[in-house]
Amino acid sequence: MLTESKCTVYKYNKQGGFDKAFIPECHYQECRASSTVKSGMQGEDGAVILIPGKYACNAPETAAKDMIVRGECSFCFNNATPESISRSFKEFKEKYDFVTVMSIERKLYGMKTDHVKVSCK
């Protein structure tokens, strides 16, 4: 598998905050699409990220809540209180270009081609 990129995963935790996990090797493919609906054109940009099996433990786990930033991101959420999480999330949205995980497919075949396919929006 081609692993030309790095990414940082922000996993949603049970306390309502986000825990950071770095993945030093992945395949990151941006997708640009649009469709026609009654009200006009509707754009839908996203990404497909393939994470090698050896990093499966760092892969996203919660669709519609986990987020991914392409490359290495130094941002850490302040998970101390609900208010600090909210402030951190606002700052994160303002400063970083991220995608939200929509589906997670674990393709762990037990071979060298093991990977996790993550579709994002």
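Me: Where does Ala 64 sit?

Reply: Look in the loop between E3 and E4. Keep in mind that this is a predicted model.

Me: Why is Ala 64 called exposed?

Reply: Exposed means over 50% relative accessible area. Ala 64 comes in at 52%, so it counts as exposed.

Me: What stands out about the phi of Ala 64?

Reply: Its phi is positive, about 75 degrees, although Ala 64 is not a glycine. Most residues other than glycine have a negative phi.

Me: OK, next stop is Thr 8. Is Thr 8 buried or exposed, and how do you know?

Reply: The cut-off for buried is under 20% relative accessible area. Thr 8 has 1%, so it is buried. You'll find Thr 8 in strand E1.

Me: Which residues does Thr 8 touch, not counting those up to four places away in sequence?

Reply: Among them are Lys 20, Ala 21 and Phe 22, plus Met 67, Ile 68 and Val 69. Gly 71, Glu 72 and Cys 73 are touched too.

Me: How far apart are Thr 8 and Phe 98 in sequence and in space?

Reply: They are 90 residues apart in sequence and 9.6 Å apart in space, going C-alpha to C-alpha.

Me: Why do we say E4 and E5 pair?

Reply: Pairing takes at least two bridges. E4 (residues 67-70) and E5 have 2 bridges, so they pair, and in the antiparallel sense. Met 67 stands opposite Thr 100 in E5.

Me: And how many bridges join E5 to E6?

Reply: There are 6 bridges, and these strands run antiparallel. Here Ser 103 stands opposite Ser 119 in E6.

Me: Which residues have the most contacts inside the largest nonpolar core?

Reply: Ile 49, Ile 51, Ile 68 and Val 118 do, in a core of 18 residues. E2 gives the largest share, 4 residues. There's also a second, separate core of 8 residues, including Tyr 10 and Phe 75.

Key. Residues numbered from 1 in each chain as written. Predicted model: local features only at pLDDT ≥ 70, side-chain atom pairs only at ≥ 80, totals over all residues. Heavy atoms only, no water. Core = buried A, V, L, I, M, F, W, Y, C linked by side-chain atoms within 4.5 Å. Buried < 20%, exposed > 50% of the residue type's maximum accessible area, 1.4 Å probe, protein only. Contact = heavy atoms within 4.5 Å.
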